[in-house]
Amino acid sequence: MRYDYDVIVVGAGNGGLAAASKLTAAGLRVVLLEKHNLPGGVASSFVRGRFEFEASLHELCDVGTKEEPLSVRRLFTDLGSKEDFINEKNLFRTIVTGENGYDVTLAAGWDNFRQSLLKVCPESEKSLDRLGALLDKTTEALAYNDRKKGRPNKLVMLLKYGKFLISASHSLDDVLRSLGFSYRARMILETYWSYLGVPADELNAFHYFEMVRGYINGGAGIPLHKSYGLSLSLAETIIKNGGDIRYNTEVTRFIYDENKRVTGVCTKDDEYYAKEVISNVIPHNVFGMSGKGNVAEKDKKLLNARRFGLSFICIYLGLDKSADALGIKDYSVFIAQNASSRRQAETEMGMYVVNCINVAVPEATPEGTCSLFFTIPVFTNKTMKGVTADNYKKFKSDTAAAYIENYEKVLGVNIREHIEEISVATPVTFANYFGAPNGTAYGYELSGWDGVMARILSTGNELNIKGLTFCGGHGAKGDGYGVSYVTGIEAAEAVISRLTGKNDEEKQ
Amino acid sequence: MKKSSEKTEKLKLNAAKFLKIIPERLKKIKDASSEEIKALRSYKPNLLAAELHPQIQHTTVAEIKKLTDDVTLYTLKADGGRLAPFGAGSYISVFAEHNGVSFSRPYSIASSPGASADGVYEIAVKRKDDGFFSKLIHDSFAVGTKVDVSAPAGDFTYEPLRDAKRVICIAGGSGITPFRSMILSILDGTEDFELTLLYGAKRESEILFKDELTAAAEKDGCVKVVFVLSDEEKDGAEHGFIGAELIKKYAPEGVYSVFVCGPQAMYRYLEGELPKLGIAGKYIRKEVFGQISDPCGEPDYVKPEKEEFELTVRQGAGEKHIKCAYNETLLSAMERSGIAAPSRCRSGVCGFCHSKLVSGECYTPGRCDGRREADKLYGYIHPCSAFPLSDMIIDVPYKN
Ligand SMILES: Cc1cc2nc3c(=O)[nH]c(=O)nc-3n(C[C@H](O)[C@H](O)[C@H](O)COP(=O)(O)OP(=O)(O)OC[C@H]3O[C@@H](n4cnc5c(N)ncnc54)[C@H](O)[C@@H]3O)c2cc1C
Ligand code: FES
């Protein structure tokens, strides 16, 4: 058998970078193949004139402080990254403009968070206590599930972690109702839903709480040199550990042997063979490169049953005045017409988020300037209806104009006259750079039957391809920045234990 | 699907629902189709991405027209189908082979975006006697020559949200090309803004597209054309250089944008002139400079003691040792030695040539340093705009 490497990692997104870092740290011979000429996938930035724009990251949850690091910060430190983070003191400001609207800012840190919600929903005291208890229980249950490698004893779960099971098997909205929150409190608490891409009446409550817990405890963590700094710092780790990174190297085919085991990959000019392959590339695309007959019928059905997660339109603005001078005070503002996430998802311009990085990291753009980053979730193909290659430029311009106008009206600021640089990304951009099917930024939709709990309980039984391990936002733990790094670490750990035989139980 | 209820009464939940998660999932999967996974192009965003950003476009030279003594217009026609659409002002990388090695240079698309639907791009190439690629084109392109070009790229396009509705376009020499495309796109209704062209040349005989530009101005009220001749006086043309005074003479009332595209000498001259206009910096946009031929003119450059350095280029598993003169870019040195290195804008801004500096030192002029902050921190360089200051080892990706 030919082995050029111990492990081939395909794709240098967050998952692939974390995996390759971990694998090389364990002394394995690793090659990381990336089709783009930069590491990071969406965790990137780009330069226009005197501005460098963050391409995708709003903030990382579960970062914590230098003194009291939480999981994400620890993960980077463990991998040898020296990148630092700024902690933003507020979670978000949420503005609902329609009937019974509100304008509320929630603070980070449990006590501040609690106070800021009580200020606008004083009736929430007891409900908040119950929420706190549930979050703690969730942590315990998760630790148990992890100990059992995703195959928990169902009876133990029922008896010991009943509260957790409730949040694991119900929608966010149902669980918040069961905790006794008022309508308004629920809507405010559900604000982050779009970061997971499924409306609150369908979104798995446990998944949401996992994220929100990380934001409340750690505050919103913003990397000092943008997400691209994180990406380069991991690339640095890989190189230092003796790994090879090949950019501009697109994998075109996965090589299977007669036992349907993945033994390597092909690029335009080369073949690479290894004992194990880790794919940061979404299963859909891997299957598309696997040839007929190599993947199991049930896995094909799984993929055909799935829906793609949402995509985004992003507007990046470089403004020739400072945030202060323009009257921009919030790092993160969620703007919606209607409080209900379901309605938000169903309406054009139903909701969008605007970040001003200078509020958290003043030196992120040159002095006397600032930048704004609009994130507009694209839930359906309706948004792109009628868009052709020829009118694409106009579509981007018109869309940006509409959102900028709305933002100015809602916030009462003038930015239009100060646009020095503008760039607009759409699902086409995601499709272009990452080959993401349907331009999805979030892998597979985490709806109902394919929610994160269902996936976690099914790991081990699905996409079980010999020699191939997946990592990335399309995995069991769902999309999300922090999570995608974690999936890379987990994939690497599984491979390491198989290759070094440290954990016999895990051998295939 | 149930809507979020407005009710506030507490809801009773049932932990046993947990047991239904897996059966429900298995049923969903069982009921799904088992057909092969659909090709990427079946999704609209992916199809649009392929149409807008093809990796490479194959064309054939369909027509050649001499515009002046040293400038030639090449009409490139797609080998079947259309060419990628673009915003007027974009450029393409044009590829050509020399001694079996593939080279490329950026050229603004001089034709209208609309013509791309018919599979046509036009480029106007000025032959430089001390040049390399422009001569290669002039000497080797004939009707029927196969030419590969990249997808359109660049940011020198009109953007209504950013730019003023009225734009003064300052062109020098072959820098007219992006503006010709903009004028054509105003004529055919793709773009909607008022364009006043101040086009500088030494003498009338060097003006490209003279009749065509004059006719465009007569046809469309949104287009004005002023020729500015430095070395001769002619009726109907301004005499001298394009500076603040002349710009003000033709500038409209109120806000306006200034777009500049021309030779480096023109940029240098305008650097002193444009501030005199008193307009906000955001209203001044310059096409990228192109390759800087010599770092010695840069204000913060300190010439190294040695004139030639050892450059070790790692690419994939291979390694090559070449020479690089102090006044040539790392990219040029690699190309001269037959190393296929990625490039596109060759002006430091697009990041296409992004490479890792393993050891050694180099100089990048500030005005063409388009690197990200983290690039500088972790030792990444753009070889198209970096000059050696010592022996160096660099890690360069393969050409895609
Ligand atoms: C955005 C943009 C748009 C442009 N649009 C236009 C346009 O519309 N029309 C136009 O005419 N120009 C345009 N240019 C300029 C164009 O890209 C070329 O730079 C121009 O044609 C100059 O070519 P040259 O032959 O003079 O110089 P080059 O081909 O660049 O020659 C000099 C360089 O070639 C290297 N070289 C010399 N000999 C060799 C050899 N044997 N092997 C390998 N390398 C060698 C040298 O080291 C040196 O670096 C544009 C540039 C940019 C950045
Ligand atoms: S080729 Fe564009 S930055 Fe070097």
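1. A word on conventions. Residues are numbered from 1 along each chain as its sequence is written, chains are lettered from A and ligands numbered from 1 in written order, and side-chain values use heavy atoms, with hydrogens and water left out. As this is a predicted model, local features need pLDDT of at least 70 and side-chain atom pairs count only at pLDDT 80 or more, while totals for chains, interfaces and linings use all residues.

2. Let's start with the ligand. The shell around ligand 1 holds 24 residues, where a residue is near if one of its heavy atoms lies within 4 Å. The closest are Pro106(B), Tyr107(B), Phe133(B), Ser134(B) and Ser332(B). By class, this shell has 10 nonpolar, nine polar and five charged residues (nonpolar: Ala, Val, Leu, Ile, Met, Phe, Trp, Tyr, Cys and Pro; charged: Asp, Glu, Lys and Arg; polar: the others, Gly among them).

3. For the polar contacts of ligand 1 (pairs of N or O atoms within 3.5 Å), look at the backbone. A nitrogen atom of ligand 1 sits 2.7 Å from a polar backbone atom of Ala124(B). Oxygen atoms of ligand 1 lie 2.9 Å from a polar backbone atom of Lys126(B) and 2.8 Å from one of Phe132(B). Ligand 1 exposes 980 Å² when taken alone, and the protein buries 80% of that (Shrake-Rupley areas with a 1.4 Å probe).

4. Which elements build the shell around ligand 1 with two or more residues each? They are strand 4 (101-108), strand 5 (120-126), helix 3 (133-140) and helix 8 (330-336) of chain B; helices (H or I, at least four residues) and strands (E, at least two) are DSSP runs numbered from the N terminus. Strand 4 of chain B provides the largest share, five residues.

5. On the domain level, chain B is assigned domain 1 (49-149), domain 2 (166-286) and domain 3 (297-395), with bounds from an automatic or database assignment. Domain 1 and domain 3 of chain B each give at least three residues to the shell around ligand 1. The C-alpha centres of domain 2 and domain 3 of chain B are 34 Å apart.

6. On a 1 Å grid over the protein atoms alone, a cavity is a set of points where a 1.4 Å probe fits but cannot get out, and lining residues have an atom within 4 Å of a point. Points are joined across faces, edges and corners, and the volume is the space filled by probe spheres set on them.

7. The largest cavity has about 150 Å³ of space. Of its 15 lining residues, Glu54(A), Leu57(A), Tyr331(A), Ile357(A) and Phe373(A) are closest to its centre. The largest cavity lies between domain 1 (2-68 + 72-83 + 225-307 + 440-507) and domain 3 (311-434) of chain A, because both give residues to its lining. That lining has nine nonpolar, three polar and three charged residues.

8. The second largest cavity holds about 110 Å³. Its lining counts 14 residues, with Phe113(A), Leu189(A), Tyr208(A), Val212(A) and Ile216(A) nearest the centre. Helix 9 of chain A gives the most, five residues. By class there are 13 nonpolar, no polar and one charged residues in this lining.

Methods:
A polar contact is a pair of N or O atoms within 3.5 Å; within protein, one must be able to donate a hydrogen and the other to accept it, and residues adjacent in sequence count only if both atoms are side-chain atoms. On a 1 Å grid over the protein atoms alone, a cavity is a set of points where a 1.4 Å probe fits but cannot get out, and a pocket is an open set with protein on both sides within 12 Å along at least five of seven lines; lining residues have an atom within 4 Å of a point.
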